[in-house]
Amino acid sequence: MSLHSAPLFSRDALAAIDMGSNSFRLEIGTVRDGRYKRLQYIKETVRLGAGLDAQGHLTEAAMQRGLACLQQFAQALQGIPAARVRAVATQTLREARNRNAFLARAQEVLGYPIEVISGREEARLIYAGVAFLQPSNRRRLVVDIGGRSTEMILGAGRTPSTAESFGIGSVSLSMRYFADGRFTPEAFRTAQIAAGAELEEALAPFNPRRWDEALGSSGTAGAVSEVLEACGVTDGCITPESLRWLIERCLEAGHVDALDLPGLKPDRRAVIGGGLCILYTLATHFGITAMHPAKGALRQGVIIDLHERLRALRQPEAEDLRDHAVSALLQRFGADAAQAQRVRGVALTLFDQACPKADAERRHELRWAADLHEIGMTVSHHDHHRHSAYIVAHADVAGFSQSQQLQLSHLILGQRGGLRKLGTLMEDPLRAVQVLCLRLAVIKCHARGEVTEKALRLRLRGPIAELNYSTAWADSRPRTVHLLHEEATAWARERVLQLALP
């Protein structure tokens with residue numbers, strides 16, 4: 001379709017961009033009264049995953065394909081506010097060693113931030129899309145075979161119980177075992193062994209006794225289902241017998257260029273070999289006698305998740321999954337919840353005083369950083385801020401992208417010690433204020449007793465952060481005041497922000 005004149009969308013329209021290893025997808029839709037409605041869908045075969053060289057770098061040609069696609073998406077997204085758009089990148093950009101260089105160019109072209117999400121977060125969002133568009137209380141196995149990864153999820157209703165991502169996909173397997181385009185029994189056999197080796201660790205957690213029905217989401221499962229239905233082999237249901245039939249058709253063709261089957265789209269032909277090997281391995285190893293195509297996928301899950309985040313901002317009683325994830329992490333590492341609450345209260349009070357018009361997401365970041373600032377205590381009391389930062393950066397935390405976790409990690413690292421270790425973070429004035437508020441809260445609460453949240457008052461005057469407190473308060477807390485003066489000295493070396501005391 002032509003994108004020269006982008007349609008006007010309703011005020012409640014939400015957009016998701018799925019930057020997959022094989023295809024980039026844009027979906028725009030609405031969520032009203034518990035129902036999802038698609039407004040626009042665009043898919044482009046980009047083959048980003050095929051553009052990783054031997055050193056793990058994206059080639060310039062692959063990057064150009066991605067940028068050209070994102071430029072088209074940018075035209076379609078005109079008029080939709082940034083708060084209502086979420087772009088996520090998956091396995092290829094998790095792997096690419098030069099991903100930051102590509103992301104900088106991609107975000108400039110697209111005009112919106114791009115988040116690299118972890119494999120488990122991708123799996124969670126896939127399940128969210130499937131569960132919302134195809135609701136059921138039955139125990140489910142949901143499988144999504146992408147270009148360079150395969151996600152497997154168990155769940156019932158809207159709640160996933162187990163979610164994992166495995167580093168094998170239709171593109172990567174096809175490039176390795178069907179690189180010359182030839183279909184041979186040996187190639188299929190060795191590719192299935194490789195798929196089985198990668199998926200072997202999933203045998204116990206995804207045992208057939210733990211689920212009642214299997215669904216294939218998006219990509220490979222959808223493409224194979226369409227071929228089987230168009231050829232009259234099944235009604236679209238994927239079975240071991242139908243997969244063997246399709247593998248036989250590939251062997252008869254002998255080469256990908258000679259494969260001509262009803263329902264097989266041209267962009268799928270080059271990766272069908274690897275996809276079939278993964279599907280057949282799943283069917284035989286995990287006892288999947290019937291897999292039906294799912295209605296939902298990652299892009300719808302992103303929109304559902306975005307809808308729930310925005311609702312949580314509008315309605316204080318509404319739940320943000322990330323709040324639950326942070327609470328779970330706090331409990332998991334046995335951190336002092338009372339101290340976290342004290343630090344959070346002071347940090348947010350200072351931030352609201354200094355930046356009353358700041359974006360709500362920045363406030364949430366500070367709150368989460370305050371909650372998690374001491375989880376590294378379980379490793380070591382000394383340098384606990386470094387351990388806390390490492391845990392937050394590398395843990396699987398539901399609802400967060402890798403880039404969001406990195407931002408939280410930097411905030412937590414900055415809670416104490418020198419500021420130079422934060423690098424470019426301190427070049428952003430608002431990030432610097434977040435760091436300052438957390439550090440001041442940690443100082444104020446250092447005695448680990450009850451505190452008065454509004455005893456300190458913080459106001460910004462350009463690059464100067466003025467901290468005020470009463471003489472009576474200062475006289476009764478000489479040790480805290482001493483620490484505040486040391487803090488002012490630390491900020492005196494910074495260009496973006498300076499701390500001024502009475």
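**Close-up views of a predicted model**

**View 1. Serine 218 is found in the loop between β9 (213-216) and α7 (219-230).** The model shown here and in the other views is predicted. Although serine 218 is not a glycine, its phi is positive, at about 55 degrees.

**View 2. Arginine 47 lies in the loop between β3 (35-45) and α1 (60-76).** Its phi is near 55 degrees, a positive value in a residue other than glycine.

**View 3. Five strands form an open sheet in the order β8-β7-β6-β9-β10.** The pairing within this sheet is mixed. At the edges are β8 (159-166) and β10 (291-293), each of which pairs on one side only. On average, neighbouring strands of the sheet are turned by 25 degrees against each other, direction ignored. Strands of a sheet pair through backbone hydrogen bonds, in a parallel or an antiparallel sense. Six bridges join β6 (residues 140-145) to β7 (residues 150-156) in the antiparallel sense. Arginine 140 has glycine 155 in β7 as its bridge partner.

**View 4. The largest pocket has a volume of about 1,200 Å³.** Its lining comprises 36 residues, and Pro113, Glu115, Ser403, Gln404 and Arg431 lie nearest the centre. Helix α16 supplies the largest share of this lining, six residues. By type, the lining contains 15 nonpolar, nine polar and 12 charged residues.

**View 5. The second largest pocket holds about 640 Å³ of space.** Of the 25 residues that line this pocket, Arg124, Arg158, Pro160, Leu321 and Ala398 lie nearest its centre. Two or more lining residues come from each of α4 (119-133), β8, α11 and α12 (321-332). The lining of the second largest pocket divides into nine nonpolar, six polar and 10 charged residues.

Note on methods:
Residues are numbered from 1 along each chain as its sequence is written. This is a predicted model: local features need pLDDT of at least 70, side-chain atom pairs count only at pLDDT 80 or more; totals for chains, interfaces and linings use all residues. Side-chain values use heavy atoms; hydrogens and water are left out. Helices (H or I, at least four residues) and strands (E, at least two) are DSSP runs, numbered from the N terminus. Two strands pair if DSSP finds at least two bridges between them. Axes are lines fitted to C-alpha atoms, for helices over the stretch in contact, and angles run from 0 to 180 degrees between N-to-C directions. On a 1 Å grid over the protein atoms alone, a cavity is a set of points where a 1.4 Å probe fits but cannot get out, and a pocket is an open set with protein on both sides within 12 Å along at least five of seven lines; lining residues have an atom within 4 Å of a point. Grid points are joined across faces, edges and corners, and a volume is the space filled by probe spheres set on the points. Ala, Val, Leu, Ile, Met, Phe, Trp, Tyr, Cys and Pro count as nonpolar, Asp, Glu, Lys and Arg as charged, and the others, Gly among them, as polar.
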